[in-house]
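Hi everyone, thanks for coming.

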Amino acid sequence: MLNDTEGGVRHLQGFRAGLEAGLTAHLRELPEDPIGGRVTPPAEDSRTLSPMFSSGLIERPVSWVALAGFMGTGKSRIGWELSRALALHFVDTDKLITRVVGKSIPEVFAQEGEGYFRACEHEVVGRVTRLEHAVISLGGGTFIQEDNRRCLLERGPVVVLWATPETVYQRTKHSDRPLLRTEDPLERIRTLMDERAPVYQQGTIHVHSDGRPSEEIVEEIIDRLWSWADAQHAWTLDHVAHDHTPDAPGGGESRASD
């Protein structure tokens, strides 16, 4: 993933050394709305009610979730609003990398190479999957890397956001994204999305963001997370019951007693 012409081992060691401090500072900061404006609190009778807007016990489907998908699908915006709704920390991995490196992502690509950036992403994934109570917004290519994908899916649910190439182009055409520095960025978006689609399909939950208000998307994600959590709970109960059945394989002893 990394060689001497793309930043070198020494640079990566420096990134590792600064990652913990950078993450600590990131989590201590008051979260900022990526776009601006205010988030509307959930309705009082909503199952998704956040303790930020009410008193009482916290009720949420999960305490950790990651958002993946192509650039421009809304991961930062939706991730931030989701974290507010669930009263969880919010970590944008791209912003964390730029904080630690002290350079913008285009500058990292230009000066250190994509290999160095992907190596930094891998280090960040290894750290954020050890967090509790967090919503993680991933860079567009993070989930594509097999080691990252396996680590993320083992940690918890990964919600993949989808949008059409045209929507992505409209959202990103004024940005300085290294992968879109081409004569025909829309065609480049179509090509990359086609290449990455089979990998993104390996996510846990899939939600489309085209032409929808962010509040509606967040509500759908939370509803789907409740369904996922209920299914996980039912699966666990079924296996516990199976382990205690006398004629179950292994003599009917629960694995919990091993």
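So, helix α3, residues 93–101, and helix α5, residues 114–128, have axes that come within 10 Å and cross at roughly 110 degrees. Helices here are DSSP runs of H or I with at least four residues, strands are runs of E with at least two, and both are numbered from the N terminus. The axes are lines fitted to C-alpha atoms over the stretch in contact, with angles from 0 to 180 degrees between N-to-C directions. That makes α3 and α5 roughly perpendicular, a label covering 65 to 115 degrees.

Who touches whom? On the α3 side we have T93, D94, L96, I97 and V101, and they meet Y116, F117, C120, E121 and V124 of α5, where contact means heavy atoms within 4.5 Å. Those contact residues split into 7 nonpolar, 1 polar and 2 charged.

A word on provenance: this is a predicted model, where local features need pLDDT of at least 70, side-chain atom pairs count only at pLDDT 80 or more, and totals for chains, interfaces and linings use all residues. Residues are numbered from 1 along each chain as its sequence is written, and side-chain values use heavy atoms, leaving out hydrogens and water.

Back to C120: is that cysteine buried or exposed? It is buried, at 1% relative accessibility, with buried meaning under 20%, exposed over 50% and partly exposed in between, using a 1.4 Å probe and protein chains only. C151, at 27%, is partly exposed. The disulfide count is 0, taking a disulfide as a pair of cysteine sulfur atoms within 2.5 Å.

H133 is not a glycine, yet its phi is positive, near 55 degrees.

How values were computed. Angles under 35 degrees count as roughly parallel, over 145 as roughly antiparallel, 65 to 115 as roughly perpendicular and the rest as oblique. Ala, Val, Leu, Ile, Met, Phe, Trp, Tyr, Cys and Pro count as nonpolar, Asp, Glu, Lys and Arg as charged, and the others, Gly among them, as polar.
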